[in-house]
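Subject: Structure handover

Hello,

Here is the structure for you to look at. My notes on it follow below.

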Amino acid sequence: MPHKIAQIRLISSHPEVYEPCDDSFALVDALQADCKNLIGHRPNICLEIGSGSGYVIASLALLLGGEAWRPYFLATDINPHALKVTSETLKAHGVHAELINTNIASGLEARLAGLVDVMVVNPPYVPTPEEEVGCEGITSAWAGGENGRTVIDKILPVADKLLSDKGWLYIVTLTANNPSGLCIEMKKKGYESRIVLQRSTEEESLHIIKFWRDPEALLEANEAKMSNKAGNGNAIGSLLSQLSHVFMEK
Ligand SMILES: C[S@@+](CC[C@H](N)C(=O)[O-])C[C@H]1O[C@@H](n2cnc3c(N)ncnc32)[C@H](O)[C@@H]1O
């Protein structure tokens, strides 16, 4: 039997809140396609950054809701109207999440560091002038700044702090965001990745990337850091030895 997701007719709305769109549907389809793995993963804490209408967090709660154990769901949004709409959407589906009006996950780091098992994000990813990023109202739903990466580049280090050792991150990106470049950057932090869904619409080519910590990638990342440090150490050593020669010659 296909797992239940949120129903469009039960999604609440507000003129200043992003309505479920191709990107939201792609993210939920990716979660649904990975549902068996998600259930087997037995997440304790699930977090959505930027919940908008609540379509994604309600779907995730429904996908994982029928099991004997219940994850704890949280969602943030910088737009206060979005949290009201998310709350109505969750209520209409009979599911619950703690809702927090904040920038990404500001103020939650101490409470959630290393504890989030599943994080889902459909960020503002559209390339726009930088000054549109973080604007009040609906513009902040899509304005992603240069290459659409301004908000994404702030979310990834937060995800790295909050994800548990077994944590998974699902994030929506666009070709213009350079998804393979994002995977390479996350590899340097010890994450493996896979594009779990790719979908081209009339307007954009969407990629849903799944990231997870990988012990081998972590080892490689640590080795690279160590050899960088050693490289810097050698450079400093050789500089000092050159300086000592200069002083000895004087
Ligand atoms: C593309 S919409 C996605 C909404 C919903 N998750 C969906 O998939 O339909 C991006 C959402 O992120 C929110 N947002 C933008 N910048 C944010 C930030 N810095 N911190 C938290 N939420 C943010 C916007 O208000 C908007 O609701």
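Two residues are in contact, as the word is used here, if their C-beta atoms, placed from the backbone, lie within 7 Å. By that criterion, and leaving aside neighbours within four places in sequence, V158 is in contact with I104 and A105. Please keep in mind that this is a predicted model.

Overall layout

The chain has 250 residues, of which 39% count as buried. It contains eight helices and seven strands. Along the principal axes, the C-alpha atoms fill a box of roughly 85 × 40 × 35 Å. Of the contacts with a separation of 6 or more, 74% are between residues 24 or more positions apart.

The chain is divided into domain 1, residues 8–213, and domain 2, residues 216–250. The centres of these two domains, taken over C-alpha atoms, are separated by 40 Å. Seven residues from domain 1 and four residues from domain 2 make up the contact.

The UniProt record, an unreviewed entry, places the feature "domain: Methyltransferase small" at residues 44–128. Over residues 44–128 the chain is 34% helix and 25% strand.

Ligand surroundings

The ligand is surrounded by 24 residues. The closest are S24, G50, G52, N79 and N122. By class, the shell around the ligand divides into 13 nonpolar residues, 10 polar residues and one charged residue. Three elements each supply at least two residues of this shell: α1 (22–33), α3 (55–65) and β2 (72–77).

G65 lies in α3 and counts as partly exposed, with 17 C-beta neighbours inside 10 Å. G65 and G114 are 49 residues apart along the chain, and their C-alpha atoms are separated by 23 Å.

Helix α7

Which residues of α7 are buried? In this helix, residues 179–187, they are P179, L182 and M186. They cover an arc of only 55 degrees around the axis, so they sit on the same side of α7. G181 and I184, on the other side of α7, are exposed. The cover over the buried residues of α7 includes the helix α6 (150–162) and the strands β5 (163–174), β6 (191–200) and β7 (205–213).

Leading up to this helix, A176 is found in the loop between β5 and α7. A176 counts as partly exposed because it has 15 C-beta neighbours inside 10 Å, which falls between the limits of 12 or fewer for exposed and 20 or more for buried. Not counting residues up to four places away in sequence, A176 touches P127, N147 and G148. A176 and Y125 are 51 residues apart along the chain, with 8.6 Å between their C-alpha atoms.

Backbone angles to look at

Most residues other than glycine have a negative phi. Two residues in this chain go the other way. R42, which is not a glycine, has a positive phi of about 50 degrees. I104, also a residue other than glycine, has a positive phi near 55 degrees.

R42 is placed in the loop between α2 (35–41) and β1 (45–49). I104 lies in the loop between β3 (98–101) and α5 (109–112).

Back to V158

I104 is also one of the residues that V158 contacts. V158 is found in helix α6, and α6 is among the elements that cover the buried residues of α7. V158 is buried, because 21 other C-beta atoms lie within 10 Å of its own and the cut-off is 20 or more. V158 and D214 are 56 residues apart in sequence and 18 Å apart in space, C-alpha to C-alpha.

Regards

Technical notes: Residues numbered from 1 in each chain as written. Predicted model: local features only at pLDDT ≥ 70, side-chain atom pairs only at ≥ 80, totals over all residues. Near = placed C-beta within 6 Å. Helix = DSSP H or I, 4+ residues; strand = E, 2+ residues; numbered from the N terminus. Nonpolar A, V, L, I, M, F, W, Y, C, P; charged D, E, K, R; others polar. UniProt positions renumbered as here; feature names shortened; annotations may be inferred. Arc of directions from axis to C-beta. Domains from an automatic or database assignment.
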